Amino acid sequence: MAISDADQRILALLAKFRFVPVETLRREVFPNQSRATAVAYTSRRLSKLREIGLVCSQSVVGQSQVHYLSDEGASFMGVEGGAGAGVKLAEYAHDCACVDVYLALARRGDRPGLISEREARALSFDPDMNSYAIPITRANGTKGYAWPDMISGDDGQRVGYEVEWTPKNKRRLIHLMHGYGYSQHYRMGVYLTTPESHPVVSSACEEANTVLQSRGLGRPIAVFPLNTIMNDSKGDQS
């Protein structure tokens with residue numbers, strides 16, 4: 001199948017996330033075009049990618065149209081597909097925020113090695129063999145793995161970024177935060193919060209850092225309002 005440079009840019013962006021809103025695709029894939037031209041180009045390329053079975057689209061009620069890789073598209077790009085792809089309505093706002101934060105960090109240009117969770121998972125689908133996976137012990141004592149929403153930095157000095165769109169159980173948060181402290185691959189975990197999630201995340205951060213510091217692991221967890229990342233990016237673009 002013939003894949004153009006624009007098609008490849010679209011597929012590369014979709015391979016980073018569960019889905020991407022069409023407006024974001026227009027802006028990122030055709031940044032130097034007028035809006036009218038970008039709309040036409042994006043529509044044409046997405047139509048072709050849907051026809052050849054690499055991309056799917058979905059209209060979300062009250063929101064914009066989004067696109068995501070089909071199973072064939074995920075296989076073509078070497079990332080996970082299947083049940084994890086597409087739109088999960090309960091996580092729609094969180095997933096949109098992850099796209100925005102990733103692109104904001106990328107525009108800053110000071111986060112070397114920046115990759116998304118989906119890209120990190122694709123490096124090895126076995127978490128035991130993937131150094132981006134963070135071993136954790138859940139509140140019920142079972143073992144598992146956590147995946148940051150995005151990661152930057154070299155192995156051993158990585159920074160994981162967590163977009164906390166809605167409040168989580170505090171004990172669950174603390175266990176996840178401890179995972180950063182114990183991981184030999186990460187230097188710190190940065191939690192980005194909304195006004196709704198900020199109180200519980202900040203409280204969990206303080207408790208987790210207190211425990212980790214008492215065990216000689218420093219204070220590896222930081223919390224910032226999500227808007228600080230987005231506002232910094234807007235400032236960089238002006």
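Helices α2 and α3 sit roughly perpendicular to each other, a label used for angles of 65 to 115 degrees. Their axes cross at roughly 110 degrees and come within 9 Å. Axes here are lines fitted to C-alpha atoms, for helices over the stretch in contact, and angles run from 0 to 180 degrees between N-to-C directions. On the α2 side, V22, L25 and R26 make the contact, and they meet R35, A38, V39, T42 and L46 of α3. Contact just means heavy atoms within 4.5 Å.

A quick word on the source: this is a predicted model, where local features need pLDDT of at least 70, side-chain atom pairs count only at pLDDT 80 or more, and totals for chains, interfaces and linings use all residues. Residues are numbered from 1 along each chain as its sequence is written, and side-chain values use heavy atoms, with hydrogens and water left out.

Now the sheet. Five strands make an open, mixed sheet in the order β4-β7-β8-β9-β10. Strands pair if DSSP finds at least two bridges between them; helices (H or I, at least four residues) and strands (E, at least two) are DSSP runs, numbered from the N terminus. Strands β7 and β8 run antiparallel, joined by three bridges, and S152 has V159 in β8 as its bridge partner.

| Helix | Strands involved | Angle |
|---|---|---|
| α5 (residues 92-108) | lies across β4, β7, β8 and β9 | about 140 degrees to β8 |
| α8 (residues 198-214) | touches β8, β9 and β10 | about 160 degrees with β10 |

Technical notes. Angles under 35 degrees count as roughly parallel, over 145 as roughly antiparallel, 65 to 115 as roughly perpendicular and the rest as oblique.
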